[in-house]
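Reader: I have a model to go through and would like the numbers with their cut-offs. Can we start with how the chains meet?
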Protein chains: 2
Amino acid sequence: MPTERTTTATADDAVAAPRRGRPGYDRETLLSVCVDVFNRYGYDATSMGMLSKHLGISKSAIYHHVQSKEEILEQALDRALDALEAVFAEVLASGSGPVNKLERILDGTVRVLVDQMPYVTLLLRLRGNSEVEEAALQRRRTLTRTVEDLVRQAQEQGELRTDISGKSAPRLMLGMVNSIVDWYQPGRSGTVDQLAATVVTMVFAGLRA
Amino acid sequence: MPTERTTTATADDAVAAPRRGRPGYDRETLLSVCVDVFNRYGYDATSMGMLSKHLGISKSAIYHHVQSKEEILEQALDRALDALEAVFAEVLASGSGPVNKLERILDGTVRVLVDQMPYVTLLLRLRGNSEVEEAALQRRRTLTRTVEDLVRQAQEQGELRTDISGKSAPRLMLGMVNSIVDWYQPGRSGTVDQLAATVVTMVFAGLRA
């Protein structure tokens, strides 16, 4: 929503008649609305014209904030990746064993996904069709490799079973966590604490009673 | 690739100059190429013109096979959903307990995902922007509810732990399996047998040694 409005307008009015010349958005709200449109229609299928309609402001008002659609994408991806990287950095700096590190990485990643859901959703749906997308996917791959390394260390140290695929297991556990953006509804699917605990329990202890 | 060609042409030639008037594709190959284009650019962002370029045939040649882009989508989604529903139907018809059923559903779903990867990828990336998409998502939700029911039965019968969220667990295990389309590379990520075994072991027994 615009931060300031002098006239009352319905959402339909805003879509039908973009307001011109006066942005009326702070950068944060603009980013949030654009990311929702990207997630709804796909980044590639979203034009600056569509962003203008959904924001209810003119294209030139958008250009007051950003130089291009890609700059919006880059800022949104930075938000998701910065948060994920912060979790990994904090856990890796600690002196605990590999399974404890894995548990805390999964727990922290679940919390970032719930907290920054639209931004992580955008990240997870990237196809790598541009340099900005490829750079983001590269940062994501670095996180995946960290989890792979920890699984291998844990297997070598006898903390994790070795009768499963050390190549597939890291991707399966991250895939499980990443799926959260597709179905989790705060309030309807339980608390984030329950969610994080269910992930960690399933991966390391299993569901069997 | 076209099934029959009288002249040699590179992929670039095919993209630059659509061939007119003679389809040169069987329905199966046409479907497969179109699904790859959908998955690469997104269904919404793919035009019949783009399909024409990638197929190397004219739009009218495509219309020789199908009435619309949406008909191609519908056929592709049917392929994925028919295969998944067949797994569920076979397992549900058996007389085993809920955990055994869940194990076989996960095992069978992994195999369908690997076998029909492009078609399931398309299904999993749908946004529900049309009636065809919404109908497919409805069929997918029915499968999810079956897994939810089995988890609840297993918890009630004491076969699965009750200290985890019965709402989240079914979606997390399916999310883990669905992630396979994003990263699994036959030959490089191990065999499908190892993959299915890793999924079933992780979900029910856990990774801890």
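Reader: How many residues does the contact take from chain A and from chain B?
Author: The contact takes 42 residues from chain A and 42 residues from chain B, where contact means heavy atoms within 4.5 Å. This is a predicted model, where local features need pLDDT of at least 70, side-chain atom pairs count only at pLDDT 80 or more, and totals for chains, interfaces and linings use all residues. Residues are numbered from 1 along each chain as its sequence is written, chains are lettered from A and ligands numbered from 1 in the order in which they are written, and side-chain values use heavy atoms, with hydrogens and water left out.

Reader: What area is buried between chain A and chain B?
Author: About 3,700 Å², with carbon and sulfur atoms giving 62% of that. Buried area is the accessible area (1.4 Å probe) that two parts lose on being put together, summed over both.

Reader: Which residues in chain A lose the most area to chain B?
Author: Leu172(A), Leu207(A) and Arg208(A), which together make up 19% of what that side buries.

Reader: How many salt bridges between chain A and chain B?
Author: The count is 2, a salt bridge being a side-chain nitrogen of Lys or Arg within 4 Å of a carboxyl oxygen of Asp or Glu. Glu103(A) forms a salt bridge with Arg208(B), and their closest N and O atoms are 2.6 Å apart.

Reader: Which elements of chain A touch chain B?
Author: Those giving two or more residues to that side are helix H2 (27–41), helix H6 (98–115), helix H9 (168–178), helix H10 (180–183) and helix H11 (192–204) of chain A. Helices (H or I, at least four residues) and strands (E, at least two) are DSSP runs, numbered from the N terminus.

Reader: And how many helices and strands in chain A?
Author: The secondary structure of chain A comes to 11 helices and 0 strands.

Reader: How much of chain A is buried?
Author: Of its 209 residues, 51% count as buried. Buried means under 20% relative accessible area, exposed over 50%, partly exposed in between (1.4 Å probe, protein chains only). Among contacts in chain A between residues at least 6 apart in sequence, 65% join residues at least 24 apart.

Reader: Switching to chain B. Is Ser168(B) buried or exposed?
Author: Ser168(B) counts as buried because its relative accessibility is 1%. Ser168(B) lies in helix H9 (residues 168–178) of chain B. Leaving aside neighbours within four places in sequence, Ser168(B) is in contact with Trp183(A), Ser189(A) and Leu195(A).

Reader: Why is helix H7 of chain B called largely enclosed?
Author: Because 6 of the 8 residues of helix H7 (residues 117–124) of chain B are buried. They are Met117(B), Tyr119(B), Val120(B), Thr121(B), Leu122(B) and Leu123(B).

Reader: What do the buried residues of H7(B) pack against?
Author: Helix H2 (27–41), helix H5 (69–92), helix H6 (98–115), helix H8 (131–156) and helix H10 (180–183) of chain B.

Reader: What is Ile105(B) in contact with?
Author: Leaving aside neighbours within four places in sequence, Ile105(B) is in contact with Val87(B), Phe88(B), Val91(B), Val147(B) and Leu150(B). Ile105(B) is found in helix H6 of chain B and is buried, with a relative accessible area of 0%. The C-alpha atoms of Ile105(B) and Ala89(B), 16 residues apart along the chain, are separated by 9.5 Å.
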